[in-house]
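Please keep the sequence and the model in view while reading.

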Amino acid sequence: MSTSRERILSRLRQAQPAVHPPLPPLHRDDVFADLPPRESWCEAFCTRLRALHGEVFRVADEAAAATCLAALVDPLNSCLRQRHPLIDRLVAAGSIAEMKSCRIYEDLLPGSVEMADFEAGITVADWLIARTGSIVVRATGAGGRRMSVLPPLHIVVATEAQVVGSLEEALAQLREEGEPWSMASVITGPSRTADIEKILVLGAHGPKRLAVILLPASTE
């Protein structure tokens with residue numbers, strides 16, 4: 001070992017560890033000071049997602065949800081939907097069944113190249129976060145890893161019962177369930193970047209549009 005290196009190591013060994021003052025206690029109320037009251041979580045989620053350039057459609061029942069879904073996909077050529085009882089009922093409704101311009105396919109789980117042909121992915125969600133306007137989806141509950149990522153339009157069908165106050169609460173429920181899953185994603189608005197000259201560009205690394213159809217909590 002060189003003399004210089006040994007001298008440096010010797011100084012490091014003899015150095016006294018830095019003494020830092022203890023950090024003040026962190027209270028949960030300080031971290032979540034902006035968390036809205038429980039009775040306004042749904043409204044807060046909608047407001048904050050819209051502020052992030054997301055689209056939210058609060059509907060009264062499944063018939064209205066089916067009409068909203070038909071309006072979103074009608075201008076498109078083809079969509080890929082997750083196989084889920086709630087989405088099954090909306091797609092089977094007359095407003096969508098009568099459409100001729102857009103073909104809606106079930107989650108065939110095609111390869112990534114074939115996924116480029118679909119203009120929208122229709123999925124459910126696990127939780128909606130009131131504090132940040134975020135959507136939590138898992139691979140097991142959103143038609144796999146790609147349906148919410150690759151198509152340029154991601155349509156989420158959810159109910160008010162899925163709205164929680166914070167991501168902390170969603171993660172706590174995730175731990176309590178204990179079910180196996182391979183991926184969880186927190187989606188906060190459409191894909192975006194401002195890396196170049198701080199100019200906001202939507203659709204940089206994922207869907208350019210994000211639309212949530214929000215049904216009442218009583219919807220099964």
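In this predicted model, helix α4 (residues 62-73) and helix α5 (residues 85-92) have axes that come within 8 Å and cross at roughly 70°. Therefore α4 is roughly perpendicular to α5 (65 to 115 degrees). Axes are lines fitted to C-alpha atoms, for helices over the stretch in contact, with angles from 0 to 180 degrees between N-to-C directions.

**Basis of the values**
- Residues are numbered from 1 along each chain as its sequence is written, and side-chain values use heavy atoms, leaving out hydrogens and water.
- Local features need pLDDT of at least 70 and side-chain atom pairs count only at pLDDT 80 or more, whereas totals for chains, interfaces and linings use all residues.
- Helices (H or I, at least four residues) and strands (E, at least two) are DSSP runs, numbered from the N terminus.

**The helix contact**
- Glu-62, Ala-65, Ala-66 and Leu-69 of α4 meet Leu-86, Arg-89, Leu-90 and Val-91 of α5, where contact means heavy atoms within 4.5 Å.

**Strand β7**
- In strand β7 (residues 153-159), seven of its seven residues are buried (under 20% relative accessible area, 1.4 Å probe, protein chains only).
- Five bridges join strand β4 (residues 120-124) to β7 in parallel, with Val-124 as the bridge partner of Val-157.
- Strand β12 (residues 209-215) also runs parallel to β7, over seven bridges, and its Ile-213 stands opposite Val-157.

**The open sheet**
- Four strands form an open sheet in the order β8-β5-β6-β9, with mixed pairing; two strands pair if DSSP finds at least two bridges between them.
- The edge strands are β8 (163-164) and β9 (184-187).

Terms used:
Angles under 35 degrees count as roughly parallel, over 145 as roughly antiparallel, 65 to 115 as roughly perpendicular and the rest as oblique. Buried means under 20% relative accessible area, exposed over 50%, partly exposed in between (1.4 Å probe, protein chains only).
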